[in-house]
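Have the structure open and work along.

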Amino acid sequence: MADQLVIDTVEMHTAGEPVRIVVAGYPPLEGETILAKRAYARAHHDDLRRLLMHEPRGHADMYGVLLVERDDPRADLAVLFTHNEGYSTMCGHAVIALGRWAVDTGLVEATPPETTVHLQVPSGLVRAVVTSGEDGNRWVRFESVPAFAAFLDVEVEVSGHGPVTVDVGYGGAFYAVLPASRLGLDLVTSPLAQLVDAAERVAAATRRSVEVEHPTEPDLAYLYGAILTDGKDDYGPHPTRNLCVFADRSVDRSPTGSGVTARLALQWSRGQIGLGQVRTFLGPTGAPFRGRVVRAVDGFQPPAVIAEVGGEAFYTGTARFTYEPADPLPAFLVR
């Protein structure tokens, strides 16, 4: 860690979930591809991730974005995502915030009423559309990478709960997905600590029982977390609620963009939603994401869809973080 360290950030949130965008002070990341840059960040600068994500500058559920040099010429910008444990493959809530930020700062020239922003993320190229209106550029929707059902109705042995049936969906990251009722819990009435503990146990059990595979990138083939739902998967006018627990017991305040994408892929695979049908998804804060299946992906195995997910992002401030070498507590977590 450098002796004289100054890092500037823009602070945002999407549906309550924080987005810390590092805009200056982070060292360049080496590597020919974005996945190589992610590996370099993990190997050489993971102390900076902890410095920005952990206390006293962050917290156990902090989330961040690193701007990196793109290697996909179609992209307007390329980013890595960081959290309490490491580096995500995809993050929908951060894409929504980045879309607004890119247009607001002029990084991508605005073309009202809608501006397209192409972002290269570790899982691929994501197309975001920023809608300009009376309230500015707050509403952003994005089309992510091909999403699919990896496993349906897999029985796993969950510590403290016994055998439980889960689905595994991919929406830029792999998630174990199941109704909270299968664990004897309810997303509204059960204590959050019980929900988080159960989701963590489901993720651990699923990792023991199934081996996920990504069709093109082995580096993306790992289970990121678990999503507990209210079980309302059949299409209808009512919203459906979910809680995503990922990385090291991190709780997503938003409905989770990649998680909503995975849920849409699972619903489509079961015939519970048709092309173009819009669903509203709620997370712990109650702020909505809206999602729909746009189209099926020709020739992709397993069968996959492109989903569109949208939400609102807001600014909360800017920050300049420093580090003193004599500080005995540069980064820590107290839960």
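**Exercise 1.** Find which helices each supply at least two residues of the lining of the largest cavity, and sort that lining by residue class.

*Solution.* Step 1: the helices are α3 (92–104) and α5 (257–269), where a helix is a DSSP run of H or I with at least four residues, a strand is a run of E with at least two, and numbering starts at the N terminus. This is a predicted model, in which local features need pLDDT of at least 70 and side-chain atom pairs 80 or more, while totals for chains, interfaces and linings use all residues. Residues are numbered from 1 along each chain as its sequence is written, and side-chain values use heavy atoms, without hydrogens and water.

Step 1: a cavity is a set of points, on a 1 Å grid over the protein atoms alone, where a 1.4 Å probe fits but cannot get out; lining residues have an atom within 4 Å of a point. Among those lining the largest cavity are Y63, H93, D252 and G257.

Step 2: the lining divides into six nonpolar, five polar and one charged, with Asp, Glu, Lys and Arg as charged, Ala, Val, Leu, Ile, Met, Phe, Trp, Tyr, Cys and Pro as nonpolar, and the others as polar.

**Exercise 2.** Which element gives the most to the lining of the second largest cavity?

*Solution.* Step 1: the lining includes V22, R49, G64 and T82. Step 2: α2 (46–53) and β3 (64–68) each give two or more residues to this lining. Step 3: α2 gives the most, with four residues.

Terms used. 1 Å grid on protein atoms, 1.4 Å probe; cavity = no way out; pocket = protein on both sides within 12 Å on 5 of 7 lines; lining within 4 Å.
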